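The following paragraphs lead the reader through a model of a protein complex. Please keep the sequence and the structure in view while reading.

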Amino acid sequence: MPKLWIAIAMIVVFSTAGDVLLSRSMKGIGDMAELRDRKGLLAVIMRVFSDGTFLIALSCMTLGFFSLLTALSWGDASLVVPSSASLTFICSAVAAKIFLKEDVDHRRWISAALVCVGVALLAK
Amino acid sequence: MQLRKNLVYLAIMGFGGIGDVLLKRGMQDFGVVDLHHPWHVVTALANPWILVGIVCLTGFFASYLTALSWHDLSYVLPATAMGYVVVTLLSRYFLHEQVSGWRWAGILLISCGVGFVTRGPAVTERKEDQRKEKEPLAAAKGSHELA
């Protein structure tokens, strides 16, 4: 497998884990816009950064970020960014159903299939 | 409130796309990452393009967190799909990369797919939410019966 696709796979794995953990963390914290209106920006930042799940998510995102930098140094941005982001979208939909118990209905699965074909075209 | 939500999704698309392209511009100056010295990539953080890219991606991240606090992950991710189009347009006209017809078709298909999902519900209805909605009704019905 070309090294570019290994870097893209690493972006996808770390980003999916980060997304799922971020979503869980934010649902626990509640409406951020409302919290900011009520208590101010500093209180929001303090609340977010004191959440353990958020910190683990941030670590995953950081690893994903350095994988992205590496992939960008090897390939075109117009290939690396959409392909990694689209594959992350599909993996996140599956992970959201399994881990977050979200209602991923037929509409969301169809869009995942369209994205898959789109990604295949990007690699051409 | 709807305007605020639309602005947050616009910020996700704009900051995300611009940030990614600025990172690519910075990595063009930096050169190829050497697999024998992977930690050397950290020194790329001194590049101004990468620094501005990180500022944009910070704006993206704040907007993304706000959207995640409102809606499902499987809704938020595709709803931000127009960011792909921003990346492709900037790659073509700012980075002067070759974007083939196949890639344009891929981008179009991805945008259609992810745009499709935004027409559905944004939040999963939980049993607890339904119970909370029914509780006040049941309480009102109970007090009515008592009266």
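The predictor's confidence in each residue is expressed as pLDDT, which runs from 0 to 100. This is a predicted model, in which local features need pLDDT of at least 70 and side-chain atom pairs count only at pLDDT 80 or more, while totals for chains, interfaces and linings use all residues. Residues are numbered from 1 along each chain as its sequence is written, and chains are lettered from A and ligands numbered from 1 in the order in which they are written.

Confidence may be considered before the architecture. Chain B has a mean pLDDT of 78, with 82% of its residues at 70 or more. Within chain B, helix H2(B) has the highest confidence, at 91, whereas helix H6 (residues 127-146) of chain B has the lowest, at a mean of 54. For the complex, the predictor gives an ipTM of 0.78 and a pTM of 0.75.

Helices (H or I, at least four residues) and strands (E, at least two) are DSSP runs, numbered from the N terminus. Chain A contains six helices and zero strands, and its pattern along the sequence is α-α-α-α-α-α. Along the principal axes, the C-alpha atoms of chain A fill a box of roughly 50 × 35 × 20 Å. Of the 124 residues in chain A, 46% are buried; a residue is buried if 20 or more other C-beta atoms lie within 10 Å of its own, exposed if 12 or fewer, and partly exposed in between, with C-beta atoms placed from the backbone.

Two residues are in contact if their C-beta atoms, placed from the backbone, lie within 7 Å. Among the contacts in chain A with a separation of 6 or more, 76% are between residues 24 or more positions apart.
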